[in-house]
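Here is a short report for a reader new to this structure. Look at the sequence and the fold below, then read on.

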Amino acid sequence: MNQPNNNKAHGSAITTFVGGIVILLAVLFLLVKLATSGYYSDVQESSQSATETRIMPAGSIAMGDGTPVGERTGEQIFNKICIQCHAADSLVPNSPKITHNNEWAPRIAQGLDMLFTHALNGFKAMPAKGGAADLTDDELKRAIVYMTNQSGGNFEAPAVGAASDAAATDASGAAAASDTAAAPAAAPVAVAGGADGKKVFEGLCMACHGADSAIPFSPKITHNADWTERLKQGKATLVKHAIEGFTNPKGGVMPPKGGNANLTDAEVEAAVVYMANQSGGNF
Ligand code: HEC
Ligand code: HEC
């Protein structure tokens, strides 16, 4: 009579065990479904940008907006990368801020090639390519031109290859910006009329002739030794060289009017006199 009792006890243990497993599986199923439901709804998202991001080849994802590497405009790059340190109200020390023409004038005077070299390789606290290693040379140039043309410059940006429409608007935008920017930049110099040599020097010659300029061959202001031989040529020759430009067979290149074609001869002369007289001259 023990047999049935034993069977009964055995049966109820199995029922409990199987029931436990069923409940465990049900809980796991619900947990998995809960954890993955977000993923499923993302995949169903079909906005254009979501689709573009999903079908982009690996390695070409750049701005997160579907623009391939090499075709980003100066404005796009500026607003994404350079703005961190070059915004008009940036607090980063020493960086020339966009639309602050006075901060840019001496830098612009170096010419686009020099600005590009500095931005490409890095320059003091300016990191190489602004820290964005994937920028192409043309893209970097576009960003520089975008920034400088808002700040008194008048450079031409390399066109955006495939997107000719974008390039056209970019170029006309830059032209419009430089039209408005050029006027106030030139104004203070022109207003000087009698030509304020110090002002012209500080705005347009200092980048290459400042006492601590790193430009090779240029005679630096207050470095009398740099000037002794040059002063012997006389004021007229120095002024002529500054106006017409001067290429020294020994290496240096003084661009005509320091690269500022809109300076009057009188303004250049005033700057030469100012510079020379700070450096041992007596004109
Ligand atoms: C992390 C901050 C930072 C970022 C990001 C940055 N810059 Fe700069 N940049 C600087 C600073 C600081 C200077 C000034 C260096 C000096 O002359 O002391 C500078 C200077 C420059 C100059 C002038 C160089 C010269 O010869 O006078 C150019 C051109 C320039 N940056 C371009 C760019 C471009 C284009 C970008 C975006 C792709 C960029 N920068 C992003 C900090 C930055
Ligand atoms: C982009 C750099 C640059 C800028 C900007 C620049 N210069 Fe020069 N300048 C030079 C270099 C380099 C030399 C030296 C050339 C040489 O090797 O004799 C020079 C030489 C000169 C000389 C001496 C010429 C001679 O016969 O010895 C004068 C004068 C002069 N610059 C005036 C000016 C004035 C004025 C300005 C501003 C309106 C100016 N420079 C802006 C680079 C520059």
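## Two helices in contact

This is a predicted model. Start with helices α3 and α6. From α3, the residues Gly74, Glu75, Ile77, Phe78, Cys82 and His86 take part in the contact. They meet Glu139, Arg142, Ala143, Val145, Tyr146 and Met147 of α6. By class, this contact of α3 with α6 holds seven nonpolar residues, two polar ones and three charged ones.

## How the helices cross

Helix α3 covers residues 74–86, and helix α6 covers residues 137–149. They pack at an angle of about 70°. Their axes are 9 Å apart. Angles of 65 to 115 degrees count as roughly perpendicular, so α3 is roughly perpendicular to α6. The crossing of the two helices is right-handed.

## Around ligand 2

Now turn to ligand 2. It is surrounded by 31 residues. The closest are Cys205, Cys208, Gly252, Met254 and Gly258. Helix α8 provides the largest share, six residues.

What classes of residue make up the shell around ligand 2? It has 18 nonpolar, eleven polar and two charged residues.

How values were computed
Residues are numbered from 1 along each chain as its sequence is written. Chains are lettered from A and ligands numbered from 1 in the order in which they are written. This is a predicted model: local features need pLDDT of at least 70, side-chain atom pairs count only at pLDDT 80 or more; totals for chains, interfaces and linings use all residues. A residue is near a molecule or strand if its C-beta atom, placed from the backbone, lies within 6 Å of it. Helices (H or I, at least four residues) and strands (E, at least two) are DSSP runs, numbered from the N terminus. Ala, Val, Leu, Ile, Met, Phe, Trp, Tyr, Cys and Pro count as nonpolar, Asp, Glu, Lys and Arg as charged, and the others, Gly among them, as polar. Axes are lines fitted to C-alpha atoms, for helices over the stretch in contact, and angles run from 0 to 180 degrees between N-to-C directions. Angles under 35 degrees count as roughly parallel, over 145 as roughly antiparallel, 65 to 115 as roughly perpendicular and the rest as oblique. A crossing is left-handed if the near helix is turned anticlockwise from the far one by less than a right angle, and right-handed if clockwise. Two residues are in contact if their C-beta atoms, placed from the backbone, lie within 7 Å.
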